[in-house]
Amino acid sequence: MLNCLDDVLRITKKLVNIPSIVNTSGEKALAAAIYHQLRTLPYFIANPEHLMMSRTTDDEVERYNITAFVKGTKCSSDKTVILLGHIDTVGIDDFAQFKDLACHPDKLSKAYLSEKLPANIEQHLNSGEWLFGRGVLDMKSGLASHLYLLQHYAEHPEDLAGNLLLVAECDEEDSSHGILSALKILKKWKETYHFNYAAAINADFVSPRYEGDKNRYIYKGSVGKLLPSFFITGKETHVGSCFEGFDPNFLAAELTREINYNPLLIDKAYGETPAPPVSLKQTDLKPSYTVQTALSAFVYYNFLIHSWSPKEVLERLKHHAEIAFKRALDTFTERYQAYCRLSGETSHPVPWKVRVFTYEEFHRQLVEQNGEAYLAHMKEFTADLLTDSTLDLRMYSARVVEEAWKFMQDKSPAMVLFYSSLYSPRVEVTGKNEQEQQLIDALEKAIAKIQPAYPNPIVTRNFFPYISDMSFVALSDNEAGIRAATLNNPAWGTKHYVNYQNIRDLNVPVICIGPYGLDAHKKHERTEIVYSCQIVPNLINEIIRDILK
């Protein structure tokens, strides 16, 4: 085994000491620090073209990726292993009075000694076996393992058969501009240096799956994430005559009741179960107070997938939206009739019916109804809307649908279903081809070799359960699935675009072997030092050597 604990721990602390909160100048600062450190190594002095600091493309923020590779001299081979790691972190406001210490692990630990802590955190702090601070777990200790291994083989290329390539990417915590930009460099290097990308290893963090879980997990492939969204219109009315209209908030509430936590919308696959969908935003689109009910509402949901495609998710959600719409109409009718009985007023038939469209269906209908006038207006509108810096991708998409609705001839209540954010594709690594099987075999052998040196079980699972840049180095969806994600995204081609062909061209099997810890994205974020700084780099190294032998 490599005796690397002290070195990886030292690198981790250096990385953490440079705050690199996503969407701040810190991302640029850390990329520059990594670049300058690698540039001083004799290998990169002799081979400067093997190291790049490159700005992200189509990005409003100035930030950079670091890409570097070492060509082994043990034998001539085009086989290449990619090491993935993100340099950005979430913010530090949650550290409150310890905010200034959040990126200084040793000082932070001393400060915590004066605080009343939960028993398990206090035990970890006093043990000296855990490192605290923003980014120590997610994922600077994982990135430190990759940097250590890259430097090790830069100093000993004679021990490396094939090639080892590092991608230290920015913006993983927000919109994945980093990895999506890096794909272009990976594609170029593949052509220039004739690389055969055999495997990718991410080093994002792992945590217990349940209370008392002692396992340390390694993940083959990754969960996918979608953000299905609904633009919901009702029929406006004065609140004093509420039954003359239909409140879109009422529809939105019924929709959320149907979708939130619904086990029928859980995509269980290979014996593993992701979290159910849950709403992340629910609001009407009234700009200010009036006594008129809202014209429209907007809601979106976190949706995790293992085997379903974006197309299948749309089909399932449209069905459940129709259920919710009907239930809302039925409830409205019951309450309206009860009100009429109480007030003595004459009831009339409720005029509305269930109407749910996907954005693709909605857009096609508007083109058929309005032709070039609609298309020309929306082209100008979406371009102008890009100048509004207050709109994130989600709200930009909602405003596009809201504007398009003005062209709808039948303006009775309806729901329009669409995607309003980046699709992080699911990745399956099941041994379906020779490359995948070789990676799985190498992983199993690495665990068998390293497990005796560590007391807790090292266990494999099929899907990394959090969103990560693993989603952008392989693609399990077919063309129909990807097409559904693009045709049903109102921001596609203006505020949002992903070249999925770049992912398909790379299409390298990917696993996650990352640091172990607790409370990622929280004040007491911490990583277990021995596993994260000694076991993880050795597991990764064993796989590198096996794949490239």
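The residues that line the second largest pocket divide into nine nonpolar, seven polar and ten charged; here Ala, Val, Leu, Ile, Met, Phe, Trp, Tyr, Cys and Pro count as nonpolar, Asp, Glu, Lys and Arg as charged, and the others, Gly among them, as polar. The model is predicted, and local features need pLDDT of at least 70, side-chain atom pairs count only at pLDDT 80 or more, and totals for chains, interfaces and linings use all residues. Residues are numbered from 1 along each chain as its sequence is written, and side-chain values use heavy atoms, with hydrogens and water left out.

The volume of the second largest pocket is about 550 Å³. Of its 26 lining residues, Asn-120, His-124, Pro-208, Tyr-516 and Leu-518 are the closest to the centre. A pocket is an open set of points on a 1 Å grid over the protein atoms alone where a 1.4 Å probe fits, with protein on both sides within 12 Å along at least five of seven lines; lining residues have an atom within 4 Å of a point. Its volume is the space filled by probe spheres set on the points, which are joined across faces, edges and corners. Helix 5 gives the largest share of the lining, five residues. Helices (H or I, at least four residues) and strands (E, at least two) are DSSP runs, numbered from the N terminus.

Helix 5 (119–127) is also among the elements against which the buried residues of helix 4 pack, together with helix 1 (5–17), strand 4 (130–132) and helix 6 (136–155); contact means heavy atoms within 4.5 Å. In helix 4 (residues 105–112), the buried residues are Pro-105, Leu-108, Ser-109, Ala-111 and Tyr-112. They lie on the same side of helix 4, because they cover an arc of only 160° around the axis, taken from the directions from the helix axis to the C-beta atoms. Lys-107 and Lys-110 are exposed on the face turned away from the buried side. Buried means under 20% relative accessible area, exposed over 50%, and partly exposed in between (1.4 Å probe, protein chains only).

In the whole structure, 33 salt bridges are found, each a side-chain nitrogen of Lys or Arg within 4 Å of a carboxyl oxygen of Asp or Glu. One of them joins Asp-171 and Arg-63 (3.4 Å, N to O). These partners are 108 residues apart, Asp-171 in the loop between strand 5 (161–169) and helix 7 (177–193) and Arg-63 in the loop between strand 1 (51–55) and strand 2 (64–71).
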